[in-house]
Amino acid sequence: RSGCTHTTFLAHPFHNMHLGSSLIERASSIVEQLGPLAAPLYSLALVVSGFIPLPGFGMMILCSGFLFGFRLGFTVVYPSAVLGACIAFKVGRSLTSVDAFQRRVPNALLQLQGALADGGFTTLLMLRLTPLPFAFSNLFLGSIHSIPFSSHAAATALG
């Protein structure tokens, strides 16, 4: 324990920066140990986090370049994120037929569903570019039946 108080942390926001670098170093070590299995396992984790809200999704995206280099990192991240989003969209689509789910959706989300249903591809693309939690937005977009699967996939791939 460093003996750092909350006040000290607020005064020095980069106090725990060494913690992040040690995590990346540990992840890099694990990638080395896994060898050729590292990229497929990393890809699987990204696909799963596209429909199951796992903490660290954004950090996984950012760290992929460090762990695998730009070219392989992009090759791992891009299709994995799109595939995970598409699976979540389909899961969201199937949840909307469950009455218990429909009754639990807040009115604000129902109103947003209506607005997005009328907005078309451009609105969908703009929503994909906003910093919303990835898994939740994928499930939510799947709950809007007027959004075609192909439009969601294309907007996700572009955004």
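This is a predicted model: local features need pLDDT of at least 70, side-chain atom pairs count only at pLDDT 80 or more; totals for chains, interfaces and linings use all residues.
Residues are numbered from 1 along each chain as its sequence is written, and side-chain values use heavy atoms, with hydrogens and water left out.

Back to Ala81. This residue lies in helix α5; helices here are DSSP runs of H or I, at least four residues, strands are runs of E, at least two, and both are numbered from the N terminus. Is Ala81 buried or exposed? Ala81 has a relative accessible area of 12%, so it is buried. The cut-offs are under 20% relative accessible area for buried and over 50% for exposed, with partly exposed in between, using a 1.4 Å probe and protein chains only. Ala81 also sits 9.7 Å from Leu44, C-alpha to C-alpha, and the two are 37 residues apart in sequence.

Now the overall picture. The protein has nine helices and zero strands. Of its 159 residues, 31% are buried. Among contacts between residues at least 6 apart in sequence, 74% join residues at least 24 apart.

Next, helix α9. Which of its residues are buried? They are Ser151, His152, Ala153, Ala155 and Thr156, and these pack against α5, α7 and α8.

Take α5 with α9 to begin with. The axes of α5 (residues 70-95) and α9 (residues 149-158) come within 10 Å and cross at roughly 150 degrees. That makes the pair roughly antiparallel. For the angle classes, under 35 degrees is roughly parallel, over 145 roughly antiparallel, 65 to 115 roughly perpendicular, and the rest oblique. The axes are lines fitted to C-alpha atoms, for helices over the stretch in contact, and angles run from 0 to 180 degrees between N-to-C directions. On the α5 side we have Tyr78, Val82, Ala85, Cys86, Phe89 and Lys90, meeting Phe149, His152, Ala153, Thr156 and Ala157 of α9. By class, that contact has eight nonpolar, two polar and one charged residues. Here Ala, Val, Leu, Ile, Met, Phe, Trp, Tyr, Cys and Pro count as nonpolar, Asp, Glu, Lys and Arg as charged, and the others, Gly among them, as polar.

Then there's α7 (residues 107-128), whose axis comes within 9 Å of that of α9, crossing at roughly 45 degrees. These two helices are therefore oblique to each other. From α7, the contact uses Phe121, Leu124, Leu125 and Arg128; from α9, it uses Ser151, His152, Ala154, Ala155, Thr156 and Leu158. The classes there are six nonpolar, three polar and one charged.

Last stop, two serines. Ser137 is in helix α8 (residues 134-142), and it counts as buried because its relative accessibility is 10%. A polar atom of the Ser137 side chain lies 3.0 Å from the backbone oxygen of Phe134. Not counting residues up to four places away in sequence, Ser137 touches Arg128 and Leu132.

Ser64, in helix α4 (residues 57-68), is buried too, with a relative accessible area of 4%. What does Ser64 contact, leaving aside neighbours within four places in sequence? Tyr42, Gly69, Gly73 and Val77.

Notes: A polar contact is a pair of N or O atoms within 3.5 Å; within protein, one must be able to donate a hydrogen and the other to accept it, and residues adjacent in sequence count only if both atoms are side-chain atoms. Contact means heavy atoms within 4.5 Å.
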